[in-house]
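Subject: Structure handover

Hello,

Here is the structure I promised to pass on. My notes on it follow below.

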Amino acid sequence: MSDTLTLELPISGMTCASCAGRVERALKKVEGVRLASVNLANERAHVELAQAMDPAQLVAAVERAGYNASLPDAPPVDPAPALLRERLALAAALVLALPLIIPMLVQPLGLDWMLAPWQQWALATPVQFILGARFYLAAFKAVRARAGNMDLLVALGTSAGYGLSLYEWARTPAGGMPHLYFEASAVVIALVLLGKYLESRAKRQTASAIRALEQLRPERAMRLRNGVEQDVAIDQLRLGDQVVVRPGERIAVDGTVLEGHSHADESLISGESLPVTKQPGDKVIGGAINGEGRLLVKAQALGREGTLANIIRLVEDAQAAKAPIQNLVDRVSQVFVPAVLVLAVLTLVGWWLHGAPLEQAIINAVAVLVIACPCALGLATPAAIMAGTGVAARHGILIKDAEALERAHAVNRVVFDKTGTLTSGSPTLVHCRAVGIDEDTLLAWAGSLQKASEHPLAKAVLSTCAERGLALETPSDARALPGQGISGTVQGHALALGNKRLLNELGAEGLQAQAQAWENEGRTLSWLIEQGDSPQVVGLLAFGDSLKPGALEAVAQLHERHISSHLLTGDNQGSAQAVAQALGITDVHAQVMPADKAAAVLRLKADGVVAMVGDGINDAPALAAADVGIAMGGGTDVAMQAAGITLMRGDPRLVPAALEISRKTYAKIRQNLFWAFVYNLIGIPLAAFGLLNPVLAGAAMALSSVSVVSNALLLKTWKPGGLDGKE
């Protein structure tokens, strides 16, 4: 809704899906909150408000739930110190736990290296209560909030093993060697810390796309004012300021080139690997790298209004959003920890009632507590979404929300707009036919008449003349013929160039059959007429909208994947059929009014999952009506707002690429959820039946989280296929 306010709150202290769910529920209870969505992977809460409110109320609600939150405008926290602390704690835990576990490993070899009870206790206690204090603190907060989380399971499980060891040690006669479990508790904590450290490092890698984009923001710019260059901070610039960009520098602002010629590397912004030519009148994007020439740029967008800021905002929104499949995880996480606690109690009671020693029953219950891994469940979906949207953004594909990402994998029909999507949107000279003169003379005469014209058809003729190296002269007696064309004298010939109205006005005839054939193709025609007592047609020019490079390959790639292509356009039937025939599209809907485009998309949705690709205001209703809307780069803001996916450059081959990264990301989500559920479905029963000791359970739990995030990170190697090596 247009009146909805949104906030992003950084959250800390979450360790599993249960934590994320509890933070969500705490935020939703605050009056005025319309929607709250918490992402465990990037540790942020996306909150939609029905009314303006003090963000401190939301922070307080999160803290009452047992977690920490920061205000939206708080400076970002550098994660490096926290990672260093985790690394030091992990190293200390491993150093202390290693002497406890080595005797167990060498015992089958006949070596008796078992430490004395007091030595085991001295090594295990710092691990349990100093390095493991984070688990006790988080568990206490969870219990205080009448909820459970992973930390509660770890704290209960390791405390039971540590307490059982103290009991066995106390009841053993002096000089005896009791069976202790200090090593199990210490190693479990060390393994969990290892898993959390690897998980933190991996999560930082999933957010690397955002960091790479943020690093493109220059902090200073060279402002030109009254002929004097001034080095100023970016936030001192104002709209309309002139900014000097030297060779090799990052362009500081979005704007228009006033002076200079150069190339710009926009690869990290648009995904376009080749440098883009820049000259006076061209648009430039803040964050791009200037090439070999000095540019003078007029600032037209600053700060949060710039293209780079908008890209970062879109990627952050997509990474914070929940895919519909995450709802299953949310429902499971609400009952997961309580269910595990019940299973642990049942394991303890069951083994004890069946005659097992109490210590064996406790150890099996501890294994149940330790193997349970809500972390993997909580990370499965967001880690894949963060990696997928990040790598897509690096290649010029902006996925605005997780729902579009999830839907796109199932698309089996793609509906293309024509102008500006599959075609360039600007006319080119397609055919020409001369009568009594050669083609070069025809083009030179037509080009000379149009030498000073800014009309799109004139530009097409002049472009062709330039390609052929034809010499043009300035016509004499040149004058515009409103609604008809232009007339003038070239090389002593009185000429007129214009449309059918001009032809009829002058009473000239010629090339009627050819004109009719080209009109049936949907071409726009111009006649060149030599005037006199009996005006004669000396040439016919046919103009058409040229296909975009890559349009044919894009449609072919879709067909290879058994995705049908459809053309939906407001243009005439002939023009639409010409484009469709050139691309191999058989289903064509021409002369469709903007209001009817959405209805056409809805009809196609009845038999499949439909993606609509467009770039104009008239495409917005159809983009919104489709299962997935894809807006082409360079299109209108309205189209981009209505679409779930935006392509940063107008290359049609990015359409199959967007569907491919969606398919791969969704596959990773399913793989992650499968493994997360499998770890628990297999591990918990094994632990309950005494087939898994706490040390192996701790290793499996740590491995589950790391494997889920690592699997998601494989998406970072993805590159769109069929782009001639472009990244």
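A definition first: a residue is called buried under 20% relative accessible area, exposed over 50%, and partly exposed in between. Please also keep in mind that this is a predicted model.

A search of the whole structure finds 15 salt bridges. Two further ones are worth a description here.

Arg225 forms a salt bridge with Asp241, and the closest N and O atoms are 3.4 Å apart. Arg225 belongs to strand E5 (residues 220-225), while Asp241 sits in the loop between strand E6 (228-233) and strand E7 (242-245), so the pair ties together parts that are 16 residues apart in sequence. Arg225 is partly exposed at a relative accessible area of 37%. Asp241 is buried at 10%.

Lys597 and Asp417 are the other case. Their side chains meet in a salt bridge of 3.2 Å, N to O. Lys597 lies in helix H21 (residues 594-605) and Asp417 in the loop between E15 and strand E16 (423-434), so this pair ties together parts that are 180 residues apart in sequence. Lys597 is buried, with a relative accessible area of 1%. Asp417 counts as buried too, at 6% relative accessibility.

There is also a network. Salt bridges link Glu229, Arg246, Glu249 and Arg294.

Arg413 lies in strand E15 (residues 413-416). A polar atom of the Arg413 side chain is 3.5 Å from the backbone oxygen of Leu604. Leaving aside neighbours within four places in sequence, Arg413 is in contact with Ile563, Ser564, His566, Leu604, Asp607, Val609, Val610 and Ala611.

**Aromatic pairs**

The count comes to four aromatic pairs. Which residues do the ring pairs link into a cluster? They are Phe129, Tyr136, Tyr162 and Phe182.

Take Phe129 and Tyr162. Their ring centres are 5.1 Å apart and their planes stand at 90°, so the pair is edge-to-face. Phe129 is in helix H4 (residues 117-131) and Tyr162 in helix H6 (residues 150-171), so the pair ties together parts that are 33 residues apart in sequence. Phe129 is partly exposed, with a relative accessible area of 43%. Tyr162 counts as buried at 6% relative accessibility.

Tyr162 pairs again, with Phe182. Here the centres are 5.3 Å apart and the planes at 65°, so this pair is edge-to-face as well. The pair links distant parts of the chain, with Tyr162 in helix H6 and Phe182 in helix H7 (residues 182-206), 20 residues apart. Phe182 counts as buried, at 0% relative accessibility.

**Helix H2**

Which residues of helix H2 (residues 55-64) are buried? They are Leu58, Val59, Ala61 and Val62. Seen down the axis of H2, these buried residues fall within an arc of 160°, so they line one face of the helix.

Just after H2, Gly66 takes a positive phi of about 105°.

Best wishes

Technical notes. Residues are numbered from 1 along each chain as its sequence is written. This is a predicted model: local features need pLDDT of at least 70, side-chain atom pairs count only at pLDDT 80 or more; totals for chains, interfaces and linings use all residues. Side-chain values use heavy atoms; hydrogens and water are left out. Buried means under 20% relative accessible area, exposed over 50%, partly exposed in between (1.4 Å probe, protein chains only). Helices (H or I, at least four residues) and strands (E, at least two) are DSSP runs, numbered from the N terminus. The arc is that of the directions from the helix axis to the C-beta atoms. A polar contact is a pair of N or O atoms within 3.5 Å; within protein, one must be able to donate a hydrogen and the other to accept it, and residues adjacent in sequence count only if both atoms are side-chain atoms. Contact means heavy atoms within 4.5 Å. A salt bridge is a side-chain nitrogen of Lys or Arg within 4 Å of a carboxyl oxygen of Asp or Glu. Rings of Phe, Tyr and Trp (its six-membered ring) pair if their centres lie within 6.5 Å; planes under 30 degrees apart count as stacked, over 60 as edge-to-face and the rest as tilted.
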